[in-house]
Amino acid sequence: MKKVDGLLEEHGRSKIEVYVDWENGNYVPKEVFEAMKPFYLEKGFANPAITHRLGWETYELYVETKEKLVQPLNISPQDFYITHGLTESNNIAIRGVAKANKKRKKIITSSVEHLSIIHSSRYMKSQGYKIEEIPVYSNGTIDLDSLQNMIDEETLLVSVQLANHEIGSIQPLREVIEIVKDKNKETLVHSDMSAAFGRMKINLNELEIDLATFDSSRVLGPKGIGGLYVKEGVHVKPLLEGQLSVETLSPGVEIMPLIAGFAKTIELEFENFDEKIKNLINLRNKLLYGLYTTIPKTLINGAEGEKRIADNVNLSFLGCEGEALTVECSMNGIYTSSGSACSSRILMPSHILTAIGRRPEEAHGSLLMKLSRLNTEEQIKYILETMPKVVSRLRKITGSIEL
Amino acid sequence: MSSRIPLPYSQRVIELFKNPVNLGKMEDATVFAQAGSPACGDMIAFYLKIDEKNEKIVKSSFESFGCASNIATASEVTIMIQNKTLQEVWNISWKDVSKALGGLPKIKNHCGTLAVGALQRAIRRYYTTIKKEIPEWLPNEYTKDEKHAMEEEELAKKLAKKYNLSV
């Protein structure tokens, strides 16, 4: 521990600190924590599947909480399965669907999915499945013609996220569902909605989608909990073996404090929803276009306007390397992340930036700033003042090295 | 997102990242060498001013396109080689560099290898193209570190080809 203390001392602490790394971690609003607390200390701690007074009481609290949880999605609580987060939900959506539907053996995903989808698909490939990836345009949205050509008799599942978690591009999901169902009614459609939920309107009933992934920590809720929507009649199997309780896609005892926190965060985030989103888009635009216009040799990664999710700022600063950018930002009190490959020995940058055609040196200079409603105008102003200095210092270190 | 490196940079790495020593292109360098590839996001350039009489490095500088430890490593190397003979410098290993830096995170050891590879490339270039006389102590075979730099560059080319990228 001493080593880290010394390091942090040398690193220094900026007077102003701005957290814009909500993609990779979050604290919860106090109200959320308060809603969780009684479930640790006084109520709802029993197993909801056990037949005694405390079990029944927990069951009742569980049912109540889950009803609240699914409200903004306009679905029945029975169709929403609690999981341990988006990674598990996505794994079940691919591998759990395959486990329950063994006849068709082809899975189509977009090329810019979360790694929990990409890696699950790769696993299915090792099990003899045919995997195809839908290419994307340079703005990160998928090529629908390619999708149309990929769907055949053998296609079990198509998985296309609603919004990209890294570059914020919103996919034409309605069209995806139409195309898929037109071509093969049997083919299931899954969408990872974790990066879109809470940042745009989603009506699952209206969408006629078969499966959808959600995550609590992506909407300021506690970590370690998420959900998978499964339309009635769609067959899915859990991936972990064990004692099933009330929830049937993820064995083990329901973690009531997390469920309560998830429900509370949804209640908060969907209060004055339109206004919240308007404010978020306003902040996002100030930051995105502020950086883009004041720092030369900068590229915007992902779609723009209506096709970009409200909280996403992702830019490439040419001549800077992303890991160095995050460290330099950190020393200035700005906490953010990058799609640089520097931490990995495969030496390749983010598959998403590669898929949209960014050259490696462009991808290495990428910086993701994900906003939340907890960020302020003041903070955006501070980032806009600070980033030109950050970028120019790193560009000075790169000097005359030609990229 | 993959900028997920566990924290343990040493104080020295952070110090040199914050205030890099011997930074910048040297216009009157005797020799220059670069290693790494933009595809890896990992490049180091060294400029050496050599006193040709006693084969000592009198001045050196660096430029770096890379992560914080890449920058710190390159800077540390320029400090380590000051006033040393080329033969002494040739024998510096990535472990020596890592030690001077107070240890590198395991995943960053290649920064050390790349820096040493670039340095040896510069020294070899000095003897082969400038002095045109190869000393006894300079092996004909490429060293591990020189090879590492080349492998990294090759790998980047291969991967770029595989993913249809231009390098």
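Colleague: In S12(A), which residue is the bridge partner of Val313(A)?

Modeller: This is a predicted model. Strand S10 of chain A covers residues 312-317 and pairs with S12(A) in the antiparallel sense over five bridges. Within S12(A), the residue bridged to Val313(A) is Met369(A).

Colleague: Which strands of the open sheet stand at the edges, each with a single partner strand?

Modeller: The open sheet has three strands, and its pairing is antiparallel. Their order is S9-S10-S12 (chain A). Each edge strand has a single partner, so one side of each is left without a neighbour in the sheet; the edge strands of chain A are S9 (298-300) and S12 (366-370).

Colleague: What angle does the direction of helix H10 of chain A make with that of S10(A)?

Modeller: Neighbouring strands of the sheet are turned by 25 degrees against each other on average, direction ignored. Helix H10 (residues 273-294) of chain A packs on this sheet and touches S9, S10 and S12 of chain A. Between the directions of H10 and S10(A), the angle is about 10 degrees.

Colleague: How far apart are the end C-alpha atoms of helix H9 of chain A?

Modeller: Helix H9 of chain A has 14 residues, 256-269. At 1.5 Å a residue they should span 20 Å, and the distance between the end C-alpha atoms agrees: 20 Å.

Colleague: Against which elements do the buried residues of H9(A) pack?

Modeller: H9(A) is mostly covered, with twelve of its 14 residues buried. Among them are Leu258(A), Phe262(A), Lys264(A) and Glu269(A). In chain A, the buried residues of H9(A) pack against helix H2 (30-41), helix H3 (53-70) and strand S2 (80-83).

Key. Residues are numbered from 1 along each chain as its sequence is written. Chains are lettered from A and ligands numbered from 1 in the order in which they are written. This is a predicted model: local features need pLDDT of at least 70, side-chain atom pairs count only at pLDDT 80 or more; totals for chains, interfaces and linings use all residues. Two strands pair if DSSP finds at least two bridges between them. Helices (H or I, at least four residues) and strands (E, at least two) are DSSP runs, numbered from the N terminus. Axes are lines fitted to C-alpha atoms, for helices over the stretch in contact, and angles run from 0 to 180 degrees between N-to-C directions. Two residues are in contact if their C-beta atoms, placed from the backbone, lie within 7 Å. The expected span of a helix is 1.5 Å times one less than its number of residues. A residue is buried if 20 or more other C-beta atoms lie within 10 Å of its own, exposed if 12 or fewer, and partly exposed in between; C-beta atoms are placed from the backbone.
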